[in-house]
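Please keep the sequence and the model in view while reading.

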Amino acid sequence: MRPSLPAHRRSKESPLSSDAIFTQSHAGLFNLCIVVLVAVNSRLIIENLMKYGLLIQAEVLFSSKSLKDWPLLMCGLSLLIFPLAAYVIEKIKARRPATAVAPLHLINLAAALLYPIYVIEMFQSDLLSGLVLMLIAVTGWLKLVSYAHTNADIRAVKKDGGKIELPAEAPAIDYPDNISLKNIAYFMAAPTLCYQLSYPRSPRIRTGWVLRQLGKWIVFNGFMGFIIGQYMNPIIRNSTHPLKGNYLYAIERVLKLSIPTLYVWLGFFYCFFHLWLNIVAEILCFGDREFYKDWWNAKSVDEYWRLWNMPVHRWLVRHVYFPCLRLGLHKQLAILVVFVISGIFHEICIAVPCHMLRGWAFLGIMFQVPLVLVTNVLQRKFQSSMVGNMIFWFFFCIVGQPMCVLLYYHDVVNRQQLQLAGRSK
């Protein structure tokens, strides 16, 4: 390079400038953050253990009542009757096209949701057992809705002379050949909520890979259990109801709880969406592994909800949002309907295991609607900034999640104390 040659040939941005931050690799800084987090948190863990000792107790995760929730186990196993009923209904429709099956599907769907709710309330199950059962029941319910809705749409397309589109990597199958026990059994086990005739398939099962992911799943679940028992549980027990009493103290408790809550939430995301769903997909040779996108880069709350949980997002878009548009609803009203349905199911999954209806989960989801509007406005105003991303992290993780945990904890404790007082009288 001669001295006369120009050293500056074109306009360039600094690697950390807002215009280049998403096109530049920051792997080294990411590694530095990991090293710093490990070092800082290792010191905090050692300091905590030296000061308080090991606080983890078995009843933090499993109470003695959890081991006696056999009715819930039997209820969970008997939920298989509802996919079988859906298969029988579709089989009747395939053989007798004139039969009206929509009422039968509605009855089956209602029973599939009300039955586990009744069992949980009837036997006053433990929180963890009831939560697991409700998550399984709601997941199955969403799948059954997709199964009925998709088959009805397939029949409508074929009646109009149309052709059903299949993925290029999926086995060829046509209606009504898909109405089989094998087909619905695969769908109910597959890591998706959206039914279709066939799915992209991977060529083989990598046994060693599955075992490695399973090992990570066990380690990270242990990590979450440690954080809950050693940090979250003492903070929560030493707190007061965040909407009653000293608000400054409540803010301090929320902020103190925010970091361990964030760690647990990120651990849950990694365990479920990355490890568990990939393990299930590998075992079933399910080809589409896009269970999430880069939600951590979301510049608005709206963008976050489109990226973080792809199975639920696809289900809501396919079976709620576009049907609302086809009914003539405005786009914004259709989005509101999506949030309302999401809020209702969040509330069901939490309120039923807690044996009380407070509406905190529903209100938390509905609070996202004004946040969507605010972050969208900020994104349009500051197109090259991360203002919306910081607002998302603050309201969703630093404030929202610990506040929700405290609200439900104290409501559950207050309910239990009232029950004990009533029994003593």
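**Ser-202 and its surroundings**

Once its neighbours within four places in sequence are set aside, Ser-202 is in contact with Cys-285, Phe-286, Gly-287 and Arg-289. The model is a predicted one, and Ser-202 belongs in it to the loop between H7 and helix H8 (207-237). With a relative accessibility of 17%, Ser-202 counts as buried, because the cut-off for that class is under 20% relative accessible area.

**Overall form**

- The chain contains 15 helices and 0 strands, and its C-alpha trace spans about 90 × 75 × 50 Å along the principal axes.
- Of the 425 residues in the chain, 40% are buried.
- Where contacts in the chain join residues at least 6 apart in sequence, 74% of them are between residues at least 24 apart.

**Salt bridges around Arg-289**

- The structure has 7 salt bridges, and one of the pairs is Glu-282 with Arg-289, whose closest N and O atoms lie 3.1 Å apart.
- Through salt bridges that share partners, Arg-206, Glu-282 and Arg-289 are joined into one network.

- The side chains of Arg-314 and Glu-290 meet in a salt bridge with an N to O distance of 2.8 Å.
- This pair links distant parts of the chain, for Arg-314 is in helix H11 (residues 310-326) while Glu-290 is in the loop between helix H9 (247-283) and helix H10 (301-307), 24 residues apart.
- Arg-314 counts as partly exposed at 29% relative accessibility, and Glu-290 is partly exposed with a relative accessible area of 32%.

**Gln-368 in helix H14**

- Gln-368 is found in helix H14 (residues 368-381), where it is buried with a relative accessible area of 9%.
- Not counting residues up to four places away in sequence, Gln-368 touches Val-301, Trp-305, Phe-339 and Phe-396.
- With one of these residues, Trp-305, the side chain of Gln-368 makes a polar contact, side chain to side chain, at 3.4 Å.

- In the interface, 20 residues of domain 1 are in contact with 16 residues of domain 2.
- The two domains bury about 1,600 Å² between them, with 71% of that area on carbon and sulfur atoms.
- Leu-142, His-149 and Tyr-186 supply 28% of the area that domain 1 buries against domain 2, which is more than any other three residues.
- Between the domains there are 0 salt bridges, although 8 residue pairs are in polar contact across the interface.
- On the side of domain 1 that touches domain 2, two or more residues each come from helix H5 (102-123), helix H6 (127-159) and helix H7 (181-189), and H6 gives the most, with 12 residues.
- By class, that side of domain 1 has 13 nonpolar, 6 polar and 1 charged residues.

Note on methods:
Residues are numbered from 1 along each chain as its sequence is written. This is a predicted model: local features need pLDDT of at least 70, side-chain atom pairs count only at pLDDT 80 or more; totals for chains, interfaces and linings use all residues. Side-chain values use heavy atoms; hydrogens and water are left out. Contact means heavy atoms within 4.5 Å. Buried area is the accessible area (1.4 Å probe) that two parts lose on being put together, summed over both. A salt bridge is a side-chain nitrogen of Lys or Arg within 4 Å of a carboxyl oxygen of Asp or Glu. A polar contact is a pair of N or O atoms within 3.5 Å; within protein, one must be able to donate a hydrogen and the other to accept it, and residues adjacent in sequence count only if both atoms are side-chain atoms. Helices (H or I, at least four residues) and strands (E, at least two) are DSSP runs, numbered from the N terminus. Ala, Val, Leu, Ile, Met, Phe, Trp, Tyr, Cys and Pro count as nonpolar, Asp, Glu, Lys and Arg as charged, and the others, Gly among them, as polar. Buried means under 20% relative accessible area, exposed over 50%, partly exposed in between (1.4 Å probe, protein chains only).
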